[in-house]
Amino acid sequence: MSALAAHLRQRISKNGPLTVAEYMAEALGNLEHGYYMHRDPFGRAGDFITAPEVSQMFGELLGLWCVDRWQAMGGPDPVNLIELGPGRGTLMADALRAAEGAPGFIHAVRLHLVETSPVLRMLQEQAVGSHAPVWLDDLADVPAGRPTLVLANEFFDALPVHQFEKRADGWHERLVDIDGASFAWAVSPQPTENPPIPIPVRNSPDGSIAEVSPSGRGIINSLATRLVAAPGTALIIDYGHSESAVGDTLQGVKGHCYHDPLADPGEIDITAHVDFAVLASSAEAVGTAVHGPVSQGMFLEALGIGIRAEALVAGAGPEQMDEISAARRRLTDADSMGSLFKAMAITSPGLGTPPGF
Ligand code: SAH
C-alpha cells in the first residue's frame with residue numbers, strides 16, 4: 001500500500017469518507033506523499049506527455065502569441081509573465097527563446113511561476129533560471145496592478161473536482177470510503193442543498209454524475225479580477241468540454257496507461273476534464289472578455305504551426321523530419337490532441353481578439 005493510501009485510510013477511519021475533491025487534493029498535493037510533490041511525471045519514462053513535451057513548436061508558438069499580446073498593450077515594461085503549473089519548464093523555455101527576437105520583450109518580462117511541487121520547481125530553475133523567475137504557491141501571491149500575460153497548459157485539469165450523483169430526491173455528493181483493503185465509491189446519505197451544478201445540467205436524469213471545481217472557478221475569478229484592474233490576457237489550454245455536460249471524467253494515469261483513480265493514490269496522476277463553459281462564465285461575470293474555446297488543432301494551425309514545422313524540417317535530417325511531422329500531427333489531429341484539447345483566452349475589456357480565435 002502506498003504511504004498516501006495508508007494516510008487516507010487513517011483519515012477516513014477517523015473522520016468518515018472524503019469528498020472526491022478532498023481525495024484528489026490529497027492524492028496530488030499532499031505535502032509529504034502527493035503525486036506531484038516528489039517526482040517528474042513527464043515524458044517517456046514518466047506517466048504522461050504534455051504538449052510542450054511533444055514538441056518545441058508548442059511553446060514557441062505560445063511565446064510569439066505572448067509577444068503579440070504584449071505589443072497589443074503598447075509594449076509595457078515591466079510586464080508580468082505568469083505561468084500556472086509550469087511542469088518541467090519546457091513550455092516557458094521554448095516560449096522565451098522564441099520571443100528573444102522581439103526587441104524589448106525579454107527585458108520587460110517579470111517571470112512568475114505558480115508551482116507547488118518542490119521537485120518541479122527545481123526542474124523549472126534549470127529550464128528558465130536565467131530569466132530570474134519568482135516562484136509562488138498561489139496566483140493570489142503574484143503582485144497585482146501590472147500589465148499581465150498568463151499561460152496555463154494542463155493546469156486546470158489537475159485541480160480538485162467535486163462529483164454529485166443525481167437521485168430521485170436530488171444531487172448527492174459522491175464520496176470515497178474504505179471497503180476492506182480498498183477504497184470504494186459511496187454517496188452522501190442526504191442530497192446536497194443548492195449544489196453548485198451548472199444550470200444546463202441541473203435537470204439531468206437519475207444516475208447522472210456532475211462535476212464542479214470550486215478551485216478552478218476561484219482561480220479564474222482571481223485571474224479575471226487582475227485583468228479588470230490592469231491590462232492583460234490569459235491563455236488556458238486543457239482538455240475538456242466547451243459546454244457543461246454530465247459524466248464522470250475522473251481519470252487515473254500511470255506509465256501512459258489508464259489506472260483506477262481509487263487504486264494507489266499518490267502514485268498515479270489524477271485529472272478531470274475542464275468545464276470551459278463554467279470558467280468562461282466566471283470570467284465574464286467579473287467583466288473580462290472571453291475568446292473561444294477553440295480546438296487546440298485549430299488554434300495551433302491559426303498560429304502557424306505549419307510554417308514553423310516547415311522551417312524546422314528545412315534544417316533537419318530525414319529522421320528528425322519524420323519526428324517533426326509526427327509531432328505536428330499529434331498536437332493538431334482530431335483523433336490525437338487536436339480536438340479534445342481546447343484553447344480559451346480571457347482578456348481585459350477592450351483589448352481585442354487575440355490571434356488564433
Ligand atoms: N504545464 C505543464 C505541466 C502540466 S501538469 C506542461 O504542460 O507540461 C500540472 C502542473 O501543475 C504541475 O507542474 C503541477 O505540479 C502543477 N500544479 C498542480 N496543482 C497545482 C496547484 N494547486 N497550484 C500550483 N501548481 C499546481
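Colleague: Which residues of α11 are buried?
Modeller: I305, G306, A309 and L312 are buried in α11. Buried means under 20% relative accessible area, exposed over 50%, and partly exposed in between, with a 1.4 Å probe and protein chains only. Helices are DSSP runs of H or I with at least four residues, strands are E runs of at least two, and both are numbered from the N terminus.

Colleague: What kind of model is this, and how are residues numbered?
Modeller: It is a predicted model, in which local features need pLDDT of at least 70, side-chain atom pairs count only at pLDDT 80 or more, and totals for chains, interfaces and linings use all residues. Residues are numbered from 1 along each chain as its sequence is written, and side-chain values use heavy atoms, with hydrogens and water left out.

Colleague: Back to α11. Which residues are buried there, and what puts them on the same side?
Modeller: I305, G306, A309 and L312 are the buried ones. They cover an arc of only 125° around the axis, so they lie on the same side of α11. The arc is that of the directions from the helix axis to the C-beta atoms. The face turned away from the buried side carries the exposed residues I307, E310 and A314.

Colleague: What do the buried residues of α11 pack against?
Modeller: They pack against α4, α10 and α12. Contact means heavy atoms within 4.5 Å.

Colleague: Which residues of α12 are buried, and what puts them on the same side?
Modeller: The buried residues are I324, A327, L331 and T332. They cover an arc of only 110° around the axis, which puts them on the same side of α12. P318, E319 and D322 are exposed on the face turned away. The cover over the buried residues includes α3 (51-54), α4 (56-72), α10 (296-303) and α11 (305-314).

Colleague: Why is E60 called buried?
Modeller: E60 has 5% relative accessibility. The cut-off is under 20%, so E60 counts as buried.

Colleague: Where is E60, and what does it touch?
Modeller: E60 is found in helix α4. Not counting residues up to four places away in sequence, E60 touches D94, A95, R97, A98 and R308. The C-alpha atoms of E60 and A99 are separated by 7.7 Å, though the two are 39 residues apart along the chain.

Colleague: What makes the pair of side chains E60 and R97 a polar contact?
Modeller: A polar contact is a pair of N or O atoms within 3.5 Å; within protein, one must be able to donate a hydrogen and the other to accept it, and residues adjacent in sequence count only if both atoms are side-chain atoms. The side chains of E60 and R97 are joined at 2.9 Å, so the distance falls within the cut-off. The side chain of E60 also makes a polar contact with the side chain of Q56, at 2.6 Å.

Colleague: Which residues are closest to the ligand?
Modeller: The closest are T50, G85, G87, E115 and N153. In total, 17 residues surround the ligand. A residue counts as near if one of its heavy atoms lies within 4 Å.

Colleague: How far is an oxygen atom of the ligand from the side chain of T50?
Modeller: An oxygen atom of the ligand is 2.5 Å from an N or O atom in the side chain of T50. For E115, a side-chain N or O atom is also 2.5 Å from an oxygen atom of the ligand. A nitrogen atom of the ligand is 2.7 Å from a polar backbone atom of N153. Taken alone the ligand exposes 570 Å², and the protein buries 90% of that. Those areas come from the Shrake-Rupley method with a 1.4 Å probe; for residues, only the protein chains shown count as cover.

Colleague: Why is D264 called partly exposed?
Modeller: D264 has 37% relative accessibility, between the 20% and 50% limits, so it counts as partly exposed. D264 also has a positive phi, about 60°.
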